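Please read them with the structure open.

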Amino acid sequence: MAQDRVEAVERALSVMEAFDTQHESLSLAELAEATTLYKSTLLRLLGSLERYDYVQRDARGRYRLGATPARLARRHVPSRQLASLVMPVLERLCHDTGETAALLSCEEGQMECRLSTLPDTDLRHALRPGYRWQWQDGDPSLALPGGTMICQAVPDTAYWLSLSGPKGRLPAREARRALQEAAARLSQRALQDYPS
């Protein structure tokens, strides 16, 4: 069994395991301490992981998980079942409003797009699953230059629905009504059985 090991892969996996922490991001020194790898080795591994978006490096040189782990996690059976429940609602919401419709989740002050449907138009908000942003309290909407996002909590769940697109194209009252109706449909589909 020892011959079945690829040490470089195991080192890269140990780097990924280091992100199973409460911290949003880790410095190179923190990663070196968590993995017991030399910083030079870590830099090479992080470069490869960054190219495939397993990790992302911020302006301060700190590393955090990229979008790829979240995208792959959605291939897990419970996530696929969630998609089978939610996608028809998002597709209808997108079709009826002409805007990007998305299912969002919140964890530890981070909003994440879990599923989305984009309208068939060039002028749209291209929100994709795995995209994350900071959220304080109150409205979890993402600030969009030249655009708008309106969110609605799905009752009895940790999920939110959103509509987003160019500012002024969809009246806010109409967007809120469409979101409330979609959230009611989802809450009737036992969405609370799917953890965010």
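1. The end C-alpha atoms of residues 6-67 lie 25 Å apart. The span is 53% helix and 10% strand. UniProt, in an unreviewed entry, places the feature "domain: HTH iclR-type" at these residues, 6-67. UniProt positions are given in the numbering used here, feature names are shortened, and annotations may be inferred rather than shown by experiment.

2. Basis of the notes. This is a predicted model: local features need pLDDT of at least 70, side-chain atom pairs count only at pLDDT 80 or more, and totals for chains, interfaces and linings use all residues. Residues are numbered from 1 along each chain as its sequence is written, and side-chain values use heavy atoms, with hydrogens and water left out. Helices (H or I, at least four residues) and strands (E, at least two) are DSSP runs, numbered from the N terminus.

3. Helix H2. Which residues of H2 (residues 28-35) are buried? They are Leu31, Ala32 and Thr35; buried means under 20% relative accessible area, exposed over 50%, partly exposed in between (1.4 Å probe, protein chains only). Threonine 36 follows H2 and has a positive phi, near 60°.

4. H2 against H3. The two helices pack at an angle of about 105°, with axes 10 Å apart. Axes are lines fitted to C-alpha atoms, for helices over the stretch in contact, and angles run from 0 to 180 degrees between N-to-C directions. H2 and H3 are therefore roughly perpendicular (65 to 115 degrees) to each other. The contact (heavy atoms within 4.5 Å) involves residues of H2 including Leu28 and Leu31, and residues of H3 including Leu42 and Leu46.

5. H1 against H3. Their axes come within 10 Å and cross at roughly 80°. H1 and H3 are therefore also roughly perpendicular to each other. Ala8, Arg11, Ala12, Val15 and Met16 of H1 make the contact with Thr41, Leu42, Leu45, Leu46 and Leu49 of H3.

6. The sheet. Five strands form an open sheet in the order E5-E4-E3-E7-E6, with antiparallel pairing. Two strands pair if DSSP finds at least two bridges between them. Strand E5 (132-134) and strand E6 (147-153) stand at the edges with a single partner strand each, so one side of each has no neighbour in the sheet. Neighbouring strands are turned by 30° against each other on average, direction ignored.

7. Around E7. Strand E3 (residues 100-107) and strand E7 (residues 159-166) pair in the antiparallel sense over six bridges. Seven bridges join E6 to E7, also antiparallel. Leucine 161 of E7 is the bridge partner of leucine 103 and stands opposite glutamine 152. Helix H6 (residues 172-188) lies across E6 and E7, at about 35° to E6.

8. The E6-E7 hairpin. Five residues lie between the strands, and aspartate 156 takes a positive phi near 60°. Proline 155 is in this loop. Is proline 155 buried or partly exposed? At 38% relative accessibility, proline 155 counts as partly exposed. Proline 155 touches Ala183 and Ser187, leaving aside residues up to four places away in sequence. Threonine 41 is 47 Å from proline 155, C-alpha to C-alpha, and 114 residues away in sequence.

Key
Angles under 35 degrees count as roughly parallel, over 145 as roughly antiparallel, 65 to 115 as roughly perpendicular and the rest as oblique.
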